[in-house]
Amino acid sequence: MEKHYLTEDQVRDKAKEILGLENTETALSGVGQITTFNQLGFKGISNKPDGWYLPNETAFPALILETKAENHAIIDKDRQELKTNCDICHKRYAHVVGILYNGDDVEVFQDGMKVEIGGLLLNKEAYLGLFQQNSIDKKSIYQLTKKINDALHFEFGIKNLYHRMIFTSCTLVAKRFGAMLVHDMKWELFQASIKTTLGSSLLKDLEKNAKLQILIDTYSSIQVNTTPRQQSINDFIDNVSKISDNLNSDFWNGEDVMAIFFNEFTRYKGKSEQGQVFTPDHITSLMYRLIDVDKNSVVLDAACGSGAFLVKAMCNMIKESGGVRTKQASAIKDNQLYGIEFDKEIFALACANMLIHKDGKTNLALLDSRTEEAAKWIQSKPITKVLMNPPFENKYGCLDIVMNVLRSVDIGTQCAFILPDNKLEKNPSATKKILKHNRLEKIIKLPKDTFQSVSMTTSVFVFTAGVPQNGKSIFACYIEEDGLETVKNQGRQDTKNRWQDIEDYWMDVIRKQSGSDTIQWIDPSQSIRYREVLEPLEITEADFVRSVLHHILHRKGIDEKDFKEQVLNMVLYNEEIPEEYRKLVTIRKNTAKIDTSSWKPFQYQSLFRIEKGERLTKADMKEGGIRYIGASAFNNGVTAHIGNTEHLHQANTITVCYNGSIGSAFYQEEPFWASDDVNVFYPKFEMDLYIALFFVSLFRKEGIRYQFLDKWTLDKMNETIILLPCDKSGVPDWNAIRNLTKGLYDKMM
């Protein structure tokens, strides 16, 4: 059958549709046979391009199209014709993209140099984006954010952190939509200009989403304690303008500027503002790829905060669709991004963030994501992907939100949640319900410093909604480093641009499920978290000597610091050792590793009942002689003597510090009060002094490792594995355990 080839006119029309060459308010654009450059504003030039895109702003790149019939093979003469027309365009525009197209083959030239950008003709945004400056001045943004925060706090007198963020965001929105913000404008005019611009920019969107009015209302409610000085207003306008310069959404240069901005602002949070944790930009990027979000996805974030996930999704999806001027870009903004936020002020922040990116129509709902109302709202949307960082604390209903989302989306929906590592294990009844109806596919443990504002470590938990776990193993891995570094007064930054390579590596590992030593396959009946694999604990006789020595010093009432000074003087100046110290320093400390190859593993919780200490402030302490055990590595942990008796612990127990002097362990021979930095170990076996000192030695050694990891919390202590000498039946050999410390104790006493 004879093939029918497209004529040049048909190829030109096809190119017009694919490239999107239509006139807009910001550019002269089109195709034609007889239109000359003279008619396009290039005086006296009669050359006739086949297609053109000529922005009003000559700082932006232009595009020139040359088309040929489909059966015409592209030759050098065609390339020269395109080059001539591009050179004409270059007289006005600094950057020009030339495209040569015959309906099948396409050649692209960036300022005269041929570039490879795929074999198919794409929307013009893909070509204009060749000139995009993808790098943003992050250092400048950090510095500007600090200046803005300080000015609003101290010069404007806005004490509430979120009000400062909203005030700045609304100013950025107003700047984006053309508000007149100039030097020496009076405070009242400055406020009115922002409010008026907000109202006009939201006019059409308010018809679709009335709750966007909350942004205007929240801005209007922000009070300053004093009218700012004129210089402060001028400086604020300058700094906001510089931030705005990084947010050129026409070419999408600044998609992560607001993520940096919001996360930098949160470094100034007080303790009363810790409920909201904003997701770092590099983690939103990872999670977007983790569940294969693409331009056709419909994304939900039911705890959207400032909108970081929605902005990241919008940015990536629009790039993939060909750019901000494509029809699909509008569809993405209108129909493919959904968010829920419970807090009115944070909701206002999310609205502002979307508006800054010229999207007032994103579907944001002010709802409680734990409720049936929220469930029905989610069910009414065609959600295909979920990206979320729900509030971690139980009081905010963390797992209730997770369960409500999972039951409200369609079966098979991929859902990624950032949660504390142990959140599911600490809530077994809720987890059982979740896994009965949904499948936990992956656990990706995040680097320890991902969220510096919270003490717990976190993982991304990836679920498939509506598919029961049924015992299926869970893939897990640990991204130990993200390449970010802490810069003084500027938070964690990717100063060496390492993250993209790290992200690519881990995406390859996760997809192949191989390639990293950190990979684990987790049996959900045994665990629902990634467990760090620590090197086997090495212990020497010297470790036992230290524990015995600490205890004897305390029992004899010898000050440890004084003891160390006397020993140091003996070594340096050959001074005589006091009689009461002599036995304590003549014990030879064997540093050879003790052979533990035949020892057997036990979890702490199988040997001890562990109780957390109780907080007691200095103001509430009564006078008395009861030992108060605090976060100290000295004096058997005793930091005070009190008369309080409400929460005393029994003698013949061991105290272990998990915060502060992590791993400091002591045997307690008298009833005591343990502070809330201390956990108390009650033995489930018959324990005496010597057995206790054995465990104290091991606890201290284990604690050293946690000084470089997370806090050694009660949960982790319960799960910690300890090796013990055992008899042939696998039962701890208490005589052997006792003898390891008794001989040392007898020699020192």
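This is a predicted model: local features need pLDDT of at least 70, side-chain atom pairs count only at pLDDT 80 or more; totals for chains, interfaces and linings use all residues.
**Helices and buried residues**

Helix α11 spans residues 281-290, and because 9 of its 10 residues are buried, it is largely enclosed by the rest of the structure. Among the buried residues of α11 are Asp281, His282, Tyr288 and Leu290. After α11 comes aspartate 292, whose phi is positive, near 55 degrees.

Tyrosine 219 belongs to helix α8 (residues 213-221), and it counts as buried because its relative accessibility of 4% falls under the 20% limit. Leaving out residues up to four places away in sequence, tyrosine 219 touches Phe167, Cys170, Gln191, Ile194, Lys195 and Leu198. With phenylalanine 167, the separation is 52 residues in sequence, but 6.3 Å in space from C-alpha to C-alpha.

Asparagine 404 is part of helix α16 (residues 398-408), and this residue is also buried, with a relative accessible area of 3%. Apart from its neighbours within four places in sequence, asparagine 404 is in contact with Ser369, Arg370, Thr371, Ala374 and Ala375.

**Aromatic rings**

How many aromatic pairs does the structure hold? There are 30 of them. Since phenylalanine 544 lies in helix α20 (residues 541-555) and phenylalanine 694 in helix α24 (residues 689-706), the pair ties together parts that are 150 residues apart in sequence.

The table gives the accessibility of the residues in these two pairs.

| Residue | Relative accessibility | Class |
|---|---|---|
| Tyrosine 505 | 39% | partly exposed |
| Tryptophan 506 | 7% | buried |
| Phenylalanine 544 | 1% | buried |
| Phenylalanine 694 | 0% | buried |

Phe544 and Phe694 also belong to a cluster linked by ring pairs, whose other members include Trp599, Tyr604, Phe681 and Trp734.

Charged side chains are placed over rings as well: arginine 92 lies over the face of phenylalanine 42, at 4.1 Å from the ring centre, while lysine 742 lies over the face of tyrosine 690, at 5.5 Å from the ring centre.

**A patch at the surface**

Leu568, Leu572 and Tyr573 make a nonpolar surface patch of about 350 Å². Within it, leucine 572 is found in helix α21 (residues 560-573), and leucine 572 is exposed because its relative accessible area of 53% is over the 50% limit.

Key. Residues are numbered from 1 along each chain as its sequence is written. Side-chain values use heavy atoms; hydrogens and water are left out. Buried means under 20% relative accessible area, exposed over 50%, partly exposed in between (1.4 Å probe, protein chains only). Helices (H or I, at least four residues) and strands (E, at least two) are DSSP runs, numbered from the N terminus. Patches are made of residues with over 30% relative accessible area and no salt bridge: like charges are joined within 9 Å, nonpolar side chains (Val, Leu, Ile, Met, Phe, Trp, Tyr) within 5 Å. Accessible areas come from the Shrake-Rupley method with a 1.4 Å probe; for residues, only the protein chains shown count as cover. A salt bridge is a side-chain nitrogen of Lys or Arg within 4 Å of a carboxyl oxygen of Asp or Glu. Contact means heavy atoms within 4.5 Å. Rings of Phe, Tyr and Trp (its six-membered ring) pair if their centres lie within 6.5 Å; planes under 30 degrees apart count as stacked, over 60 as edge-to-face and the rest as tilted. A charge sits over a ring if NZ of Lys or CZ of Arg is within 6 Å of the ring centre and within 35 degrees of the ring normal.
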